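Dear colleague,

Please find below the structure for your review. My findings follow it, arranged by topic.

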Amino acid sequence: MKNTLKILVLAAAIALPAAAFAQDHAHETPPPPKQKWSFAGPFGKYDPGQLQRGLKVYKDVCASCHSLSMVAFRNLADPGGLGYSPAQAAALASEYKIKDIDDSGQPIERNGRVADYFPSPFPNEKAAQAANGGVAPPDMSTLAKARTYERGFPWFVIDVFTQYQEQGVDYITALLQGYQDSPPAGVTLPPGNFYNKYFPGHGIAMPPPLTDQRVEYTDGAPMTVEQYAKDISAFLMWTAEPHLEARKRIGMQVVFFLIVLSGLLYFTKKKVWHDVKLHPEKLTPRPPTEYPRT
């Protein structure tokens, strides 16, 4: 009887920590799924159509809360980006109202110009905090580079060779699709928070921003949450690294140059040391008296 009791106590002692461990791991944040991007890899390029759709998602959904303070309207016509002409960039800029000061020093509101930056939805940070429960929404200019996650071993080693740099866009895409109507059993969220399985801690104050058919596409792309999430993520990758294509092109040119230079150095070395290998006797030191005098 005593032995049976000891066995039961031991089993309970093992089972309770194991159950707690399983419960904790059930609520851990899963890694975002890896997506396929046109700009991934050393030869990757942006898809102008996708970037234009992402800009539309930003304008129709994200711009009401999130700023884009580091992007000027003229950047929309830069090569290697959205593919807009200067006239199209100017037309889009004119849709915005910019607060400015006239020649007499009086505050005015005018149409945007290509030299202007995307205006903030709030006049200042205090107003942004007051409108969003005390926390100002982050600026989205460099969000795709600022947001990342740990992929763990051996992936971080493999990423060095595959040039995987899309952790940020993978995370944003997963986050926008990670909302659930109700949290799993045993998960309690702070008041006003929504459950998102990819957000650290799972409680996020931002309500689900995307729904199917919310943003109208005119190029035939699916108007679904999944497509919206990928398009806005790609657009944010461009805002964070608008010169990505130029960087990769210059990088490949440098690699090609180094390969050619290495070949030239190798054959130069072979030429210089050719006599040393075949005629070492010619390199025997001579006494100073044998050297010609000038």
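Helices are DSSP runs of H or I with at least four residues and strands are DSSP runs of E with at least two, both numbered from the N terminus. Read along the sequence on that basis, the chain follows the pattern α-α-α-β-β-α-α-α-α-β-β-α-α-α. In total this comes to ten helices and four strands. Please note that the model is predicted.

**Overall packing**

The chain has 294 residues, of which 31% count as buried. Among the contacts with a separation of 6 or more, 62% are between residues 24 or more positions apart.

The largest nonpolar core contains 49 residues, and Tyr58, Leu76, Phe118 and Phe235 have the most contacts inside it. At least two residues of this core come from each of H2, helix H3 (86-93), helix H5 (143-146), H7 and H8. H8 is the element that gives the most, with ten residues.

Apart from its neighbours within four places in sequence, Leu76 is in contact with Leu55, Leu82, Gly83, Tyr84, Ala89, Leu92, Phe118 and Trp238.

**Helix H8**

Not counting residues up to four places away in sequence, Asp231 touches Gln50, Arg53, Gly54 and Tyr217. The C-alpha atoms of Asp231 and Thr173 are separated by 8.7 Å, although the two residues are 58 residues apart along the chain.

The largest pocket has a volume of about 750 Å³. It is lined by 29 residues, and those closest to its centre are His66, Pro137, Pro138, Ile204 and Met206. Helix H7 (167-177), strand S4 (203-204) and helix H8 (225-240) are the elements that give two or more residues to this lining. Which element gives the most to the lining of the largest pocket? That element is H7, with four residues. By class, the lining of the largest pocket has 22 nonpolar, five polar and two charged residues.

The second largest pocket has a volume of about 250 Å³. Its lining consists of Gly49, Gln52, Arg53, Leu55, Lys56, Lys59, Tyr84, Leu92, Glu216, Tyr217, Thr218 and Asp219. Helix H2 (residues 48-60) gives the most to this lining, with six residues. The lining of the second largest pocket divides into four nonpolar, three polar and five charged residues.

Gln167 is placed in helix H7. Is Gln167 buried or exposed? Its relative accessibility is 17%, so Gln167 counts as buried. Leaving out residues up to four places away in sequence, Gln167 touches Arg147, Thr148, Tyr149, Arg151 and Asp159.

Two residues other than glycine with positive phi values may be of interest when you inspect the backbone. Gln163 has a phi near 60 degrees, a positive value in a residue other than glycine. Gln163 is located in the loop between helix H6 (155-162) and H7. With a relative accessible area of 38%, Gln163 is partly exposed.

His202 is found in the loop between strand S3 (194-195) and S4. At 5% relative accessibility, His202 counts as buried.

With kind regards

Terms used
Residues are numbered from 1 along each chain as its sequence is written. This is a predicted model: local features need pLDDT of at least 70, side-chain atom pairs count only at pLDDT 80 or more; totals for chains, interfaces and linings use all residues. Side-chain values use heavy atoms; hydrogens and water are left out. On a 1 Å grid over the protein atoms alone, a cavity is a set of points where a 1.4 Å probe fits but cannot get out, and a pocket is an open set with protein on both sides within 12 Å along at least five of seven lines; lining residues have an atom within 4 Å of a point. Grid points are joined across faces, edges and corners, and a volume is the space filled by probe spheres set on the points. Ala, Val, Leu, Ile, Met, Phe, Trp, Tyr, Cys and Pro count as nonpolar, Asp, Glu, Lys and Arg as charged, and the others, Gly among them, as polar. A nonpolar core is a set of buried Ala, Val, Leu, Ile, Met, Phe, Trp, Tyr and Cys residues joined through side-chain atoms within 4.5 Å. Buried means under 20% relative accessible area, exposed over 50%, partly exposed in between (1.4 Å probe, protein chains only). Contact means heavy atoms within 4.5 Å.
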